[in-house]
Amino acid sequence: MTIVAEHINKLVTSLRSFEQRYEKPAGSVKLLAVSKRQSIEKIAEAHSAGLKDFGENYLQEALEKIEKLKPLDLNWHFIGPIQANKTKPIAEEFQWVHSVDRTKIALRLNEHRADSRLPLNVCVQVNLSNEANKSGVALQDAEDLCVCIARLPHLKLRGLMAIPAPLSVFDAQRVCFRLLANEFVRLQSLYPQMDTLSMGMSNDYEAAIAEGSTLLRIGTGIFGPRE
Ligand SMILES: *Cc1c(COP(=O)(O)O)cnc(C)c1O
């Protein structure tokens, strides 16, 4: 078995046990393999180990991987900051975008997603730590952006995403994730199609599961250190 496959098996065992511990439905937490700055070979290994969903941050790097890995029929998620002049290739080549944080980007993605395709799955990125230099809308502005996205025919509003400032204390991680989870549940009552709470990375995924994450974005925990 490859090291990547070993990591995935351990991770799946651990997330199933956390689902039980925190009384979440079995299988409710999914895994997104964050493959930025990881090799094509390792992505193929993760696919062989059963993963279908991969997350990328850097457009040029992602487009090359998507092209080379076409035969594997993977689901690609764009999770990095989005420049307005890059929305066309993102709308064309990805199935998901987790990092929509302003109306302009939503409108442009909608415009570039072809009629013939299924709608592009979209999460609104929230800046939980209110760090001025970080991407994401303020929590209190997430609803307005959801209202905008829900009206766009080529986008499908799926949920919320956040990258909290790194915290090492478990309870502090939980407090942070809970803010996002509470807003997610509130918005779900307005938009029942919202089914994805994208939170939790290699170092905080237990806290994210405890607070109701449905999609963990794990990079180094699957692939090891980035190149
Ligand atoms: C890099 C990255 C991850 C994965 O981080 P790890 O600590 O390697 O698990 C998750 N989400 C986003 C948005 C990232 O940029």
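This is a predicted model: local features need pLDDT of at least 70, side-chain atom pairs count only at pLDDT 80 or more; totals for chains, interfaces and linings use all residues.
Residues are numbered from 1 along each chain as its sequence is written, and side-chain values use heavy atoms, without hydrogens or water. Local features need pLDDT of at least 70 and side-chain atom pairs count only at pLDDT 80 or more, while totals for chains, interfaces and linings use all residues.

Around the ligand stand V34, K36, N57, I79, I163, M201, S202, R217, I218, G219, T220 and R226, where a residue is near the ligand if one of its heavy atoms lies within 4 Å of it. This shell has five nonpolar, four polar and three charged residues; Gly is counted as polar, and Asp, Glu, Lys and Arg as charged.

A polar side-chain atom of S202 lies 2.5 Å from a ligand oxygen, and one of N57 lies 2.6 Å from a ligand oxygen. At G219 a polar backbone atom is 2.8 Å from an oxygen atom of the ligand. The protein covers 90% of the 390 Å² of accessible area that the ligand has on its own (Shrake-Rupley method, 1.4 Å probe).

The structure also holds 13 salt bridges, each a side-chain nitrogen of Lys or Arg within 4 Å of a carboxyl oxygen of Asp or Glu. One of them joins K88 and E92, with the closest N and O atoms 3.0 Å apart. Another links E67 and K70 at 3.8 Å, N to O. E67 is exposed, at 54% relative accessible area, and K70 is partly exposed at 47% (buried is under 20%, exposed over 50%, partly exposed in between; 1.4 Å probe, protein chains only).

Methods: A polar contact is a pair of N or O atoms within 3.5 Å; within protein, one must be able to donate a hydrogen and the other to accept it, and residues adjacent in sequence count only if both atoms are side-chain atoms.
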